[in-house]
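Here are my notes for a first reading. Please keep the model open beside them.

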Amino acid sequence: MATNGTPDAGWPRIRVDDLTAFFGTTSAVRGATIDIRDREVTAVIGPSGCGKSTFLRCLNRLHETVPTARVDGRVLLDGRNIYADGVNPIAVRKLIGMVFQRPTPFPTMSIRDNVAAGLRVHSPKPSRGETDVIVERALTRAALWDEVKDRLREPATSLSGGQQQRLCIARALATDPEVLLLDEPTASLDPISSQKVEELVYELKRDMSVVIVTHNMQQAARVSDVTAFFLMGEMVESAPTKAMFTTPKDPKTEAYITGRFG
Amino acid sequence: MTSVSPPGRPTLRQLAVAERTVSTITRRRMVSAFMAMVIALTAIITTLPLLFILWHLAREGASSLSVDFFTQMPKPVGEGNAGMANAIVGTLILLGTACLIGLPIGIGAGLYLADFKRTRLATIVRFLADVLNGMPSIVLGIFAWEFLVKPLGHFSAWAGGVALAAMMIPMITRTTEEMVRLVPTSLREAALALGYSRARTALAVVLRTAMAGIVTGVLVAVARIAGETAPLLFTAFGNTFWSLDLTQPIAALPLQIFAYAISPYDEWHRLAWAGALVLISVVFIISILARFATRSSRSGGHGD
């Protein structure tokens, strides 16, 4: 549905081309190739230690912040290789939001300042009034506004785990990222909070592309349009979610999704 | 009567074993109680010197403590209403100078050690900081004398401040490193993922999160150097007159206490007691502040 000149949903926002990620001399991800399309949710599944988190961390150049970590291959964001010479990783990370497995609110900051944290390094820097508007919008989108609107000055750590995670999502949304990376965002949450986050993911894909790493195959089936299956560093298969869960091409995928290992 | 005991009833042999077990348990309980008493006693002995010092200082010093002590200058024996105003101010100036030099260097070095923990430089600095931490304080005085007193030809408050800073830096470096390392990597990564630079992440997120712990460490370090006498002997030197000039010798409470304590005059002895009471009160207050800082950091810490 092309409206107002925006391209169709589904054009590749990120093209990952033969991506290999190293820790020292061992590779955690080998030769991953996939298109991550606009306004779709791409789920990354696989057993623990298969490299799915590392894969995700390569998409915003966070992988390389770990000592001895290194990346080979190309990641094209809107056609531009983020690993090309002269590309500033900080600029890349400003365009791509990320939420981690455990909630990571900044403990010294208030709820409001947490949401506004990313805005401080964005240009043009919004004024105080503009910031308030952006904070409210981000918290509303993260389905947290009603719960915190009367306590924006309180420390972020006063929130419950599920609220903290939605706060982190709001923090990532405040800077209007084009891509949102979610690294097992519901792994440390209770079922009700998990459901809220899942509904949120479903909402968000109207405006951006979302990549979600998850242990939970039902979750992948519920929220994603495309699923990629990783095993021991290899991307075994990536396909539309429905096809992946009904007619997997690779016997290893079938074995995993039917619960025979992992 | 049958010779067979009914089932479930203990045999004689079993009873004997049970009895032995009971006596073993009793013996163990007694040993345990005794040992608990012994270690409780050592715990009490640990605090005895402090209690003794406090009691003694309060008894000897309190009577000489008056408003004059804080507002008046040292005076010749027999003139009355003498005080240590210059030494109190001098100590504050020396502590201020030491903090001015020691805080940026100590905290900076601590950040480096925490952030680049496996580099060769970090390993060497960490080791040398520990060596410096155990260095006799008079040796640090000699260091400051060699570089600041000897070339300039006179004692100065600067030299005293540098000597105290040299004591303070390794303590602050190690505390900062420990506190910064307690900040979870996930928090650092969250900041990086928002597009924060490495420097901004270190200052705005990591250092701020670790700040309460660092403040505690700084207060402990200040409390420790506040009473140092040896590094000041041939750096700040002491001064019986009023001086705020950093390039000139300056009075300090520990030096004044030392000078008065070895004098032959009763009046000066009493002033020395009062000075010691003031000094320990300052250290005591700083320690309480340090505890307060730790407590508020804990309640403001992570919710999980």
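Which residues does A:Asp183 touch, not counting residues up to four places away in sequence?

1. A:Asp183 touches A:Ser53, A:Leu56, A:Val99, A:Phe100, A:Gln101 and A:Val213. Contact here means that two C-beta atoms, placed from the backbone, lie within 7 Å. The residue sits in strand S7 of chain A. Helices (H or I, at least four residues) and strands (E, at least two) are DSSP runs, numbered from the N terminus. A:Asp183 counts as buried because it has 22 C-beta neighbours inside 10 Å. The cut-offs: 20 or more other C-beta atoms within 10 Å is buried, 12 or fewer is exposed, and in between is partly exposed. A:Ala32 is 151 residues from A:Asp183 in sequence and 17 Å from it in space, C-alpha to C-alpha.

2. A word on provenance. This is a predicted model: local features need pLDDT of at least 70, side-chain atom pairs count only at pLDDT 80 or more, and totals for chains, interfaces and linings use all residues. Residues are numbered from 1 along each chain as its sequence is written, while chains are lettered from A and ligands numbered from 1 in the order in which they are written.

3. Confidence next. pLDDT is the predictor's confidence in each residue, from 0 to 100. Chain A averages 89, with 95% of its residues scoring at least 70. Chain B has a mean of 86, and 93% of its residues reach 70 or more. In chain B, residues 297-304 fall below 50; this stretch has ten contacts in the model beyond near neighbours in sequence. In chain A, residues 1-7 stay under 50, with four contacts beyond four places in sequence. Where pLDDT is low, the predicted coordinates should not be read in detail. The model scores ipTM 0.89 and pTM 0.75.

4. Look at helix H8 of chain B, residues 198-226. Its end C-alpha atoms span only 36 Å, whereas a straight helix of 29 residues would span 42 Å. The expected span is 1.5 Å times one less than the number of residues. H8(B) has a kink of about 55°, centred on B:Met211. The bend is the angle between axes fitted to the seven residues ending at a residue and the seven starting there.

5. The largest nonpolar core has 144 residues. Such a core is a set of buried Ala, Val, Leu, Ile, Met, Phe, Trp, Tyr and Cys residues joined through C-beta atoms within 7 Å. Helix H6 of chain B (residues 157-182) gives the largest share, 15 residues. B:Met168 is among the residues with the most contacts inside the core. Beyond four places in sequence, B:Met168 touches B:Ala98, B:Gly102, B:Gly106, B:Ala221 and B:Ile225.

6. Where do the chains meet? In the model, 21 residues of chain A are in contact with 20 residues of chain B. On the chain A side, helix H2 (residues 89-95) supplies the largest share, three residues.

7. Two loop residues of chain A deserve a look. A:Asp176 is not a glycine, yet has a positive phi of about 55°. A:Asp176 lies in the loop between helix H6 (161-173) and strand S7 (179-183). A:Met232 has a positive phi near 50° and is also a residue other than glycine. A:Met232 is in the loop between strand S9 (226-231) and strand S10 (234-240). A:Met232 is partly exposed because 13 other C-beta atoms lie within 10 Å.
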